[in-house]
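The sequence and the structure are shown first, and a description follows.

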Amino acid sequence: MRVLHTSDWHVGRTFHGRDLLRDQEAVLGGLADLVSDEHVDVVVISGDLYDRAVPSGEAVETCVRVLSRIRAAGAEIVVTPGNHDSAARVGAFADFASAGGLHLRTKISRLHEPVLIDDEHGPVAFYGVPYLEPDPARHALEASADVAGAAARVEARTHAAVLTEAMNRVRADISTRGEQTRSVVLAHAFVTGGDSSDSERSIAVGGVEDVPGSVFGGVDYVALGHLHGPQRLDEHLRYSGSPLAYSFSEAAHRKSVWLLDLDAGGLSGVDRRELPVPRRLATVRGELEDLLTSAEHAEHEDCYLSATLTDEVRPLEPMRRLQQRFPHAVHLEWQPEGGRATAPLRYSEAVRGRDDQTIAKGFVADCRGSEPTESERLLLQEALRAMDIAEVRR
């Protein structure tokens, strides 16, 4: 059996205010071609199908079109929700969807019940372990303990504790099946040793968010989701990463999916397939005029751009001017050489023994990097005088 491992689609996400639905559909729809070309039997999506618990209608329609294309290409699909998803919404009509080859594994109480898909060597059991918020997951696991034949209590309120209990139930189910049954676990979690980026939402509870990889022992392959960079923690333990970059910290990522093969003995090999990049990300630093005129920045003109301006004085309308050359500039910071803008603010010390006019002039100087002009000082004087008059009238 050939399985394609992907995750963290975040359908409906924007990039610094830019709508990404068209890019998302182009890249994700291309997975259908990969399914056809590589003879993929099953596609697994390990959480964060959507970017929010209540996705927009457009995001849902995009996701439906993509999943339909993948199914039409010949693959069964197994999905488990992540921390951005609403498990109840993703899992709606799950029993009906499974008849059409879309298997939605969203219920904590049933995470030990696999999707069974056969190949010439026998069944492969796919277990969906959704994102487990420690307290709700603990209660759900305890409530279903009798059904699962598991321990009655999950004492610790941590990700490691609830995931350990979840995997104990998975392993208990595997032990009841024949030796010819191979196993794949979909899990949405932060495993120790993984490299994070700026676009993942923290899942820390009580200051601890990661879980040891040893929690996932005893299965043939673990298809992880949550971290957005593709990475290998062990031969059988991998993150596919997100299909698109969702922060500038991912500019160097090579977005991809994993193709794994299962033979009669279990995992026989894993290959990587890179995904297309709809629009590259770039970061630049320098004075505004140099960024607008230098030939060395020509290669970035069609990129999503993050610019750090080092001008001593904050330029006027910098984003508008940047976008005249870089139409996809989306992020801007001002960090003048010498660190004026990053100096720590100590308000009580700054205003002690100073009158209102001195404080106002100092504010202008700190924000802009230069003292107010004579005409600006007169305007500040007039504004402060008007404020005093208004206070007296009250």
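## Helices α1 and α2

The model described here is predicted. In it, helix α1 passes helix α2 in a right-handed crossing. Helix α1 covers residues 21–37 and helix α2 covers residues 57–72; the two pack at an angle of about 15°, with their axes 8 Å apart. Angles under 35 degrees count as roughly parallel, and α1 is therefore roughly parallel to α2.

On the α1 side, the contact is made by Leu 21, Glu 25, Leu 28, Gly 29, Leu 31, Ala 32, Asp 33 and Val 35. These meet Glu 58, Ala 59, Thr 62, Arg 65, Val 66, Arg 69 and Ile 70 of α2. By class, the residues of this contact comprise eight nonpolar, two polar and five charged.

## Helices α5 and α7

The crossing in which α5 passes α7 is left-handed.

From α5, the residues Pro 134, Ala 137, Arg 138, Leu 141 and Glu 142 take part, and they meet His 159, Val 162, Glu 165 and Arg 169 in α7. The contact of α5 with α7 consists of four nonpolar, one polar and four charged residues.

Helix α9 spans residues 318–325, and its buried residues are Pro 318, Leu 322 and Arg 325. Viewed down the axis of α9, these buried residues fall within an arc of 55°, so they line one face of the helix. An α-helix has 3.6 residues a turn, so residues three or four places apart point the same way. The buried residues of α9 pack against α8 (288–293), β18 (304–309) and β19 (329–334).

Glu 317 lies in the loop between β18 and α9. Its phi is near 45°, a positive value in a residue other than glycine.

## Phe 93

Most residues other than glycine have a negative phi. Phe 93, which is not a glycine, has a positive phi of about 60°. The residue is placed in the loop between α3 (87–90) and α4 (94–98). Is Phe 93 buried or exposed? With a relative accessible area of 63%, Phe 93 is exposed.

## Arg 182

Arg 182 belongs to strand β9, which runs over residues 182–188. Its relative accessibility is 2%, and Arg 182 therefore counts as buried; the cut-off for this class is under 20%.

Which residues does Arg 182 touch, when those up to four places away in sequence are not counted? Its contacts include Asp 119, His 121, Gly 122, Pro 123, Val 124 and Ala 125. Asp 220 is also touched, as are Leu 262, Asp 263, Ala 264 and Gly 266. The C-alpha atom of Arg 182 is separated by 7.8 Å from that of Gly 265, although these two residues are 83 residues apart along the chain.

## The protein as a whole

The secondary structure comprises 12 helices and 19 strands. The protein has 394 residues, of which 48% count as buried. Of the contacts between residues at least 6 apart in sequence, 68% join residues at least 24 apart.

Conventions
Residues are numbered from 1 along each chain as its sequence is written. This is a predicted model: local features need pLDDT of at least 70, side-chain atom pairs count only at pLDDT 80 or more; totals for chains, interfaces and linings use all residues. Side-chain values use heavy atoms; hydrogens and water are left out. Buried means under 20% relative accessible area, exposed over 50%, partly exposed in between (1.4 Å probe, protein chains only). Helices (H or I, at least four residues) and strands (E, at least two) are DSSP runs, numbered from the N terminus. The arc is that of the directions from the helix axis to the C-beta atoms. Contact means heavy atoms within 4.5 Å. Axes are lines fitted to C-alpha atoms, for helices over the stretch in contact, and angles run from 0 to 180 degrees between N-to-C directions. Angles under 35 degrees count as roughly parallel, over 145 as roughly antiparallel, 65 to 115 as roughly perpendicular and the rest as oblique. A crossing is left-handed if the near helix is turned anticlockwise from the far one by less than a right angle, and right-handed if clockwise. Ala, Val, Leu, Ile, Met, Phe, Trp, Tyr, Cys and Pro count as nonpolar, Asp, Glu, Lys and Arg as charged, and the others, Gly among them, as polar.
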